[in-house]
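Hi everyone, thanks for coming. Today I'd like to walk you through a structure that may be new to you, so please have a look at it while I talk.

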Protein chains: 4
Amino acid sequence: MSPNRTPDSSRRSDRSRRAIYDAALALVGETGYARTTIEGIAARAGVGKQTIYRWWPSKAAVLLEAFLDLQERASEQAAGRPAGGAGEAAEEGVAAEEGVAAGEGDAGAAAYGIPDTGDLTADLKAVLRATVDELNDPVTAAPTRALAAESIVDPVLGAAFVEKLLEPQLGLYVARLRAAQAAGQVRADVDPRVALELLIAPLTHRWLLRTLPLTHAYADAVVDHALRGLSTEA
Amino acid sequence: MSPNRTPDSSRRSDRSRRAIYDAALALVGETGYARTTIEGIAARAGVGKQTIYRWWPSKAAVLLEAFLDLQERASEQAAGRPAGGAGEAAEEGVAAEEGVAAGEGDAGAAAYGIPDTGDLTADLKAVLRATVDELNDPVTAAPTRALAAESIVDPVLGAAFVEKLLEPQLGLYVARLRAAQAAGQVRADVDPRVALELLIAPLTHRWLLRTLPLTHAYADAVVDHALRGLSTEA
Amino acid sequence: MSPNRTPDSSRRSDRSRRAIYDAALALVGETGYARTTIEGIAARAGVGKQTIYRWWPSKAAVLLEAFLDLQERASEQAAGRPAGGAGEAAEEGVAAEEGVAAGEGDAGAAAYGIPDTGDLTADLKAVLRATVDELNDPVTAAPTRALAAESIVDPVLGAAFVEKLLEPQLGLYVARLRAAQAAGQVRADVDPRVALELLIAPLTHRWLLRTLPLTHAYADAVVDHALRGLSTEA
Amino acid sequence: MSPNRTPDSSRRSDRSRRAIYDAALALVGETGYARTTIEGIAARAGVGKQTIYRWWPSKAAVLLEAFLDLQERASEQAAGRPAGGAGEAAEEGVAAEEGVAAGEGDAGAAAYGIPDTGDLTADLKAVLRATVDELNDPVTAAPTRALAAESIVDPVLGAAFVEKLLEPQLGLYVARLRAAQAAGQVRADVDPRVALELLIAPLTHRWLLRTLPLTHAYADAVVDHALRGLSTEA
DNA sequence: TCATAAGCGAGACGGTACGTCCCGTCTTTAT
DNA sequence: ATAAAGACGGGACGTACCGTCTCGCTTATGA
């Protein structure tokens, strides 16, 4: 008698799911997030509206999943490549870094991690510069901004955003900083989690609020200040 | 001939403007930003919709101005109080700090500045703790979040948000840091603008994205790490 | 690709359609046509505005259909009654006449026709007197006036108005006049269509433009003059 | 203390009045009556809205007066011409007839009257044919239709419409028919007012409701049937 | 093996809000 | 005092989407 609240996901149409992802990403890219509608996604995907409402709670959720799916597919594609040496690792790190906020599926780039050449300053600058480039790329930036904005306002979406996109990425920094601590390059009394935010948050701040331009020079300055500290006492 | 509808602001009804501010703030407080509509604001304010559309480009713009007006009025009210000595100044500074993101009109709290007791660490911790409290206050936080989220997505609004709310506040940090540099407490080669972001951005980051709880302890940790630096080199 | 929105009429909600008819007729009756709004009809019918816009091009079109539906239902109800003799037929004819302009659905009163007692003059006077009464009835007259006025200005509506309401009625006159021609009571060289307009148009004229009062005496005079002619030559 | 309900017409700006007439006629001609707004007329006339509201009760009233003014001016212009003989009188009559419904100011064409060549049938046909032409002229017809439609719905406007435009015209028919009665061409027991409506109403009927095309042939047929009558009895 | 029930495309539905257009009133400024 | 100008409270417009709700129509078991 009660309406079946939980649809049988084993019968779900994969064809429709992918079509919805594609349509959602295309529409957000073409017309912007705000002007993208569920109705529009359904029409573009050749799908009934109910099919969207059945599987996702909101437009933002669709987009978030579409985003994650995109990365997953990109990672699967990249997985074919053989892992390189140290020198190449830096390059990989740069590539891996393309998602401080845009994030990367845990199955994907998270595996690559932040390069460890032994020179922490250089490694961090390389990674943060790549992040700057990524954030300045208009193509990826627009939908990411939209997701971030929606996450700020919608706690449920925000939790998913953080868990699926952000945290996997931040974990890489924690790992690298711990390694640096183990190597005696970072004070033992430093909390890696706080340290990471000292590095990442300034970039995010400028990017989200557009207070000032986001440049390589800024990335370098942030690394220098954070590592060295501000006081003369030290 | 041109469709450029530029209304004559000298004939603007002050009564309506204030009624709209009040209605907007009340509705956002009661039902949340997303469920607040222009139609609802107009109805609550006893005003024609067109009167809103005539003077503001968007719901967010109304709310931003309402916010600024609120602070201005609060400041004007506070202006009646006599300025106190050093001890009281610290209290004032804390109060003034209630708007890292919520911001304060330049005519208002900006005049108070960040306390300068000579102990930079203590001063910053006091200010950032107050900021944490402010950001954790559900009343002010909700509309500020909404404005921030909208600013991320709407560059025009974002520019106003930064200029009117954020920058006046950030300027206080720059001033305090410069004073610390002059007193020889902060390295001469530190860019105060970058330094300030090292302090503020981590809080904003946690607040906006809700990655981890925003506590006094975190504020202290950020100050400690930022001032001391992360490396062992020093 | 084409923006031609042609809704699927097989899925149309009959419940809504009838509710809209009822609401439209009620509102026009209570507040007048000019003050009746589509929004008001939708609200009263408990229906979304779009449901009206989906199926009708204008307020007038809604009212016209509501009118036609009303007659159809009235006719269906009347269909239960057995047909009477000659004497009763005259009464029926009078009743049937209640819609020179208000009209009658072809399925309905049109079947009754104009009485044929052999006395053309008497038959026409009876019918036209009934028409006068109908046109002077404030209840029916108001919406009919509105429809007529709208038809004058909107050719599309006008065509529907004429086809659905007016012509079925006028056809009855043609039939009666042809019968009179066959009976040798009307000149063979008379065009029944023209003749009918000689009888009907003067009433409509006075009714629409309110030049002079519309009375039984006037109806009689029109019949007398039309049948006899004006010239002395005859 | 009480608001001045009756403005001082001696202080009225003639410049504005004429500008309003011109604007009203131009807009109705260009965009149609329904899409013509008081606001639009005021803007086009370079006049404040209040100036219209001060002197006219409705959009229709403005248009009606504009119409009357137009005819008055046309008549004044025509008044310069010398009156011609019998042959020319027929032509004049035709010209004068251009307003059975469109009407003519009493100061104007009403002075000309319907030609009286002694041949009533020919005179009426000439006049009604001219009327047909006038009604078929798209330029004059559109605003006249609009006024007629509005008159049907608005009794106050309707009264003005009839009194100022229609009756002066109808009076000419009464005069001509009385002359024919005096000449023994029309039965003495015929009411000229009814007779006139027998002639005019059929044309108006076809014109307003667009039941069938309005042609010279129809005008002739109406005259023939009306004068001769329909019955064989005679 | 086939009814039977799910997901699905489609889209009508009751609604809400949008942003626009005008209404008729009122106020300000200039002539 | 009238006029031009136009802001104002208000109401309706017609549109766009929302999220829900049937409709047939596959499709894929499980009785």
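First, some housekeeping. This is a predicted model, where local features need pLDDT of at least 70, side-chain atom pairs count only at pLDDT 80 or more, and totals for chains, interfaces and linings use all residues. Residues are numbered from 1 along each chain as its sequence is written, while chains are lettered from A and ligands numbered from 1 in the order in which they are written.

Let's begin with chain A. Helices and strands here are DSSP runs, numbered from the N terminus, with at least four residues of H or I for a helix and at least two of E for a strand. Buried residues make up 44% of the 234 residues in chain A. By buried I mean that 20 or more other C-beta atoms lie within 10 Å of a residue's own; with 12 or fewer a residue is exposed, and in between it is partly exposed, the C-beta atoms being placed from the backbone. As for contacts in chain A between residues at least 6 apart in sequence, 66% of them join residues at least 24 apart. Two residues are in contact if their C-beta atoms, placed from the backbone, lie within 7 Å.

A:Ala60 lies in helix H4 of chain A, residues 59–78. Why does A:Ala60 count as buried? Because A:Ala60 has 22 C-beta neighbours inside 10 Å. Leaving out residues up to four places away in sequence, A:Ala60 touches A:Leu147, A:Glu150, A:Asp154 and A:Leu157. Along the chain, A:Ala60 and A:Asp154 are 94 residues apart, yet their C-alpha atoms are separated by 9.3 Å.

Now for chain A against chain B. That contact takes 41 residues from chain A and 41 residues from chain B. On the chain A side, the elements giving two or more residues are helices H7 (138–153), H8 (155–182), H9 (192–209) and H10 (216–228). H9(A) has the largest share, 10 residues. By class, this side of chain A has 24 nonpolar, 11 polar and six charged residues. For these classes, Ala, Val, Leu, Ile, Met, Phe, Trp, Tyr, Cys and Pro count as nonpolar, Asp, Glu, Lys and Arg as charged, and the others, Gly among them, as polar.

Over to chains C and D. Chain C superposes on chain D with an RMSD of 0.2 Å, through a rotation of 179 degrees with 0.0 Å of shift along its axis. The two copies are thus related as by a two-fold rotation axis. In chain C, the C-alpha nearest that axis belongs to C:Gly229, 1.5 Å away from it. The superposition is by least squares on the C-alpha atoms of residues with pLDDT of at least 70 in both copies. The contact takes 41 residues from chain C and 41 from chain D, and H9(C) gives the most to the chain C side, with 10 residues.

What about the cores? The largest nonpolar core has 125 residues, and those with the most contacts inside it are A:Ala24, A:Leu199, B:Ala24 and B:Leu199. A second, separate core of 124 residues includes C:Ala149, C:Tyr173, D:Ala66 and D:Leu128. Such a core is a set of buried Ala, Val, Leu, Ile, Met, Phe, Trp, Tyr and Cys residues joined through C-beta atoms within 7 Å.

Finally, the DNA. How many residues surround DNA strand E? There are 42, and the closest are A:Pro7, A:Ser13, A:Gly48, C:Ser13 and C:Gly48. To be near a strand, a residue needs its C-beta atom, placed from the backbone, within 6 Å of it. DNA strand F is surrounded by 41 residues, the closest being B:Ser13, B:Gly48, C:Thr37, C:Glu39 and D:Gly48.
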